[in-house]
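Please study the sequence and the structure shown below before reading on. The explanation that follows leads through them step by step.

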Amino acid sequence: MSDTNPFEPKIVAYVCNWCTYLGADLAGTNRLEYPSNVRIIRLPCTGRIDFNLVIKAFEMGADAVLVSGCHPGDCHYTAGNYHARRRWMLARPLLETLGIDMRRIHFTWISAAEGRKFQETITEITDTTRALGPYEGYRKLAEASA
Amino acid sequence: MEQELRDTCKRLLEEGAVDVIIGYGQSMPDGPVCPVFIKKAEDVGRLVWNRQCFGNLATYLTRKEIKALGKPAIVVKGCDERAVVVLEQESQIDRASVYVIGMACEGVGDPPASKCGYCDVHMPRFADAVIGEVANEPVSQDGRYAELDAFMKKTPEERFAYWTNELSRCVKCYACREVCPMCYCNRCIVDKNRPAVIDTSSTPMANFAWNMARAFHQAGRCVGCGECARVCPAGINLRLLNDSLAKAAEEGFGYRAGMDKDTPPVIGSYALQDEEEFIQ
């Protein structure tokens, strides 16, 4: 952390138990280094990742959120990720209407074999969020609510 | 039309076909139009039909106090009927045990409510009895999302600032929820406190959380009756949020809630070929 840019983004990653979490695990066992800015939250399935959870992350000071699960066709519960995908297709326009910064919400499919992809994804999100700076919009909202 | 409505309801009650009429009435002469629940044939004179019949009475079909009154007949406009269709789709009502009285409607409000400007359901389509006829043909639907499209021309920062200001007036009275025919959960997510998903205090941040959750729970279900915005004591334009979801459902999936009960609901079904360019 340099003195000129002390900001380090806080990133919350909601990942599914069966693919992305194992992908993150693989990155670890392969000694692939990724930024420690990410807080991984493991859930049973992307189908479980409630819209409110993403908002909650912003409320609690996250600067970016990642939602990640199994590739289409790979869901442990057959169709959880398809349901999640459709839900997000509707949720995104709502968030856009509200003026939420969509550059801070990321979606990926990362399988249990893609440790490298997990590392690259987290690195990329950390870099872009660092460039964006803190999520002032939500931070101000939080300050006004304190 | 009003007399024909009263006659139909009188006959239904006298024949014992239904136990209660859910309709529009006035609590006092020249007073505002309010919902009335009529159980006796001699009381049908209390029913009214005029341009002040804004309310979407379908919301009462799922209330346990109203269910306790027996088999209902409900007075609906074309737009309200869409809510009845969604309730049937979601197995909240048994359509065979609800008598639907559809009113031909040329728009409510004076001047007409904005939703009436692009209404394409002036005539109820699935009602058991239809009363009246409409003179004008269904109008152009181009304006359906005009307000939303104009709003979306603002930058995200401007939109966020707009909602921060608008939602700061929300007092969390939950009138939007109470009036909504689609909000029939026995226990609303905002009333759950272990764990509390949504902060119940009326702070700017908690107001955002509540209004987002309320809107999103209507995704692909909102029929656009606009009652939430009409009853909001703070005058927040909640329809803008509902419209963003309705537009996404219509443009992405060609789906409009309550138009056809046999189309699978957009949330709760999926397709393998759903677009996923936003997912890396």
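**A sheet, an interface and an enclosed strand**

In chain A, 4 strands form an open sheet with parallel pairing, and their order is β2-β1-β3-β4. The edge strands of chain A are β2, covering 38-43, and β4, covering 105-109; each of them pairs on one side only. On average, and with direction ignored, neighbouring strands of this sheet are turned by 20 degrees against each other. The model described here is predicted.

One pairing within this sheet may be examined in detail. Strand β1 of chain A, residues 11-16, is joined to β2(A) by 6 bridges, and the two run parallel.

Helix α2 of chain A, residues 51-59, lies across β1, β3 (64-69) and β4 of chain A. Relative to β3(A), helix α2 of chain A runs at about 150 degrees.

The next topic is the contact of the two chains. Chain A contributes 29 residues to the contact and chain B contributes 36 residues. On the side of chain A that touches chain B, at least two residues each come from α2, α3 (80-98), β4 and α5 (136-145) of chain A. Which element of chain A gives the most to this side? It is α3(A), with 13 residues. Sorted by class, the side of chain A that touches chain B has 16 nonpolar, 7 polar and 6 charged residues.

Attention now turns to chain B. Why is strand β3 of chain B, residues 72-76, described as largely enclosed by the rest of the structure? The description applies because 5 of the 5 residues of β3(B) are buried. A residue is called buried if 20 or more other C-beta atoms lie within 10 Å of its own. Both faces of β3(B) are covered: one side carries the buried residues Pro72(B), Ile74(B) and Val76(B), and the other carries Ala73(B) and Val75(B), which are buried as well.

The partners of this strand can be traced next. Strand β1 of chain B, residues 20-26, is joined to β3(B) by 3 bridges and runs parallel to it; here Ile22(B) stands opposite Ile74(B). Strand β4 of chain B, residues 99-103, is linked to β3(B) by 4 bridges, again in a parallel arrangement. In this pairing, Val76(B) stands opposite Gly102(B). Finally, β3(B), helix α3 of chain B (residues 78-89) and β4(B) make a right-handed β-α-β unit.

Note on methods: Residues are numbered from 1 along each chain as its sequence is written. Chains are lettered from A and ligands numbered from 1 in the order in which they are written. This is a predicted model: local features need pLDDT of at least 70, side-chain atom pairs count only at pLDDT 80 or more; totals for chains, interfaces and linings use all residues. Two strands pair if DSSP finds at least two bridges between them. Axes are lines fitted to C-alpha atoms, for helices over the stretch in contact, and angles run from 0 to 180 degrees between N-to-C directions. Two residues are in contact if their C-beta atoms, placed from the backbone, lie within 7 Å. Ala, Val, Leu, Ile, Met, Phe, Trp, Tyr, Cys and Pro count as nonpolar, Asp, Glu, Lys and Arg as charged, and the others, Gly among them, as polar. A residue is buried if 20 or more other C-beta atoms lie within 10 Å of its own, exposed if 12 or fewer, and partly exposed in between; C-beta atoms are placed from the backbone. A crossover is right-handed if, with the strands pointing away from the viewer, the path from the first strand over the helix to the second runs clockwise.
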